[in-house]
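Please open the model in your viewer and keep the selection panel at hand.

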Amino acid sequence: MLARISNSLVLAGALTCSQALELEEIPLIRTDSSHHYLVEAKVEGDDFPLLIDSGAGMELVLSNATAEALGKIGKDGGSAKGVGGSAAMKQFNVRNLKLGSRSFRKQTTYSIELQHALLLLDGEKFPPAGLVGAPMLKRLNAVADTRSRKLLVPPRDAGADAFLKARDTGATRTIKMSEGDYSFAFVDIEIEGETYAFLLDVGAGTNSLEPSIAEKFGLTLSEDGRDISGAGKSKAMNARRTEVEEPVIGGKIKLPKMSFDVHALHGVVPPNGKPLGGILGSRTLGALGAQVDFGSYRIIVPHFIRIDGLKQLR
């Protein structure tokens with residue numbers, strides 16, 4: 001059943017678990033307008049703010065600056081593809097990594113240039129010290145709770161679907177995601193009657209749309225564009241914006257409209273041969289009050305949602 005989201009609906013309280021499930025609640029720090037999420041982690045005993053980034057295909061990535069500060073040199077780690085193209089990486093081991101109460105020894109780690117991936121917090125711009133990627137989120141069966149701003153981690157012996165089974169089914173509904181390479185999560189979004197697979201990327205603030213889709217449906221683009229930075233030194237240059245009327249997320253949530261940056265996404269291939277649509281970013285997930293469960297690969301949202309300023313669904 002399609003559920004239309006409108007200005008008149010109200011978010012029905014916090015999402016809760018109906019069955020007893022002990023969860024570790026790791027606080028997340030949400031950045032200013034971009035709504036990225038940071039988690040405090042200990043790397044070799046030192047505290048660093050790491051970006052929760054389900055668009056990163058490695059468990060742990062450190063910025064080149066952080067790796068240098070820790071005295072990590074590393075070997076050739078290949079390259080990673082991102083918003084602006086490819087970026088070189090180094091590979092090394094971190095002897096001690098701690099996320100909440102979970103400790104990891106000899107953690108395979110990559111370093112990459114992140115100085116252009118600036119975040120804004122309390123009015124100040126800064127690059128993240130590193131990234132917690134999709135494989136680590138899956139390894140933890142973690143749930144990124146955008147509403148409570150917490151990373152929820154079930155016990156080690158809990159099944160991958162433990163959080164899904166424990167949820168309050170009367171207050172929530174679920175959207176199925178598909179798992180792709182590198183533990184990437186994809187969700188279907190219907191645009192103009194056609195379905196595309198979008199990378200669910202908590203590390204991307206805004207949504208993005210492949211240029212071929214904007215061209216196919218004759219979508220109106222903004223006059224002015226902006227440069228979008230990510231890992232490495234390259235950028236998506238002059239990305240213009242567009243709005244899509246009545247997109248349907250996961251076959252269940254119909255929104256009045258969504259806003260997208262129009263630019264190509266490199267190196268991402270959806271599973272099951274589905275065409276790539278772009279990125280579903282953290283601002284929209286936050287507006288939906290979503291819990292993103294990387295154990296069961298489900299998005300859990302309240303039955304009733306109020307979204308103020310629908311143009312902010314970006």
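How many cavities of 30 Å³ or more does the count come to? In this predicted model, the count comes to two. A cavity here is a set of points where a 1.4 Å probe fits but cannot get out.

**First selection: the largest cavity**

Select L28, Y37, I52, A144, D145, T146, V202, L285 and V292, which line the largest cavity. The volume of this cavity is about 50 Å³. Colour the selection by residue class: seven of the lining residues are nonpolar, one is polar and one is charged.

Clear the view and select S178, F186, V187, D188, A197, P270, P271 and K274, the lining of the second largest cavity. About 30 Å³ of space lies inside. Which strand gives the most to this lining? Select residues 185-191 to display strand β17, which contributes three residues. Coloured by class, the lining of the second largest cavity shows five nonpolar residues, one polar residue and two charged residues.

**Third selection: the whole chain**

Now select the entire protein chain and switch to a cartoon display. Its secondary structure comprises five helices and 27 strands. The chain has 314 residues, of which 53% count as buried. Among contacts with a separation of 6 or more, 66% are between residues 24 or more positions apart.

Finally, display the surface. The protein chain exposes about 14,000 Å², and carbon and sulfur atoms supply 47% of that area.

Methods:
Residues numbered from 1 in each chain as written. Predicted model: local features only at pLDDT ≥ 70, side-chain atom pairs only at ≥ 80, totals over all residues. Heavy atoms only, no water. 1 Å grid on protein atoms, 1.4 Å probe; cavity = no way out; pocket = protein on both sides within 12 Å on 5 of 7 lines; lining within 4 Å. Points joined across faces, edges and corners; volume = space filled by probe spheres on them. Nonpolar A, V, L, I, M, F, W, Y, C, P; charged D, E, K, R; others polar. Helix = DSSP H or I, 4+ residues; strand = E, 2+ residues; numbered from the N terminus. Buried < 20%, exposed > 50% of the residue type's maximum accessible area, 1.4 Å probe, protein only. Contact = heavy atoms within 4.5 Å. Areas by Shrake-Rupley, 256 points an atom, 1.4 Å probe, with all protein chains shown as cover.
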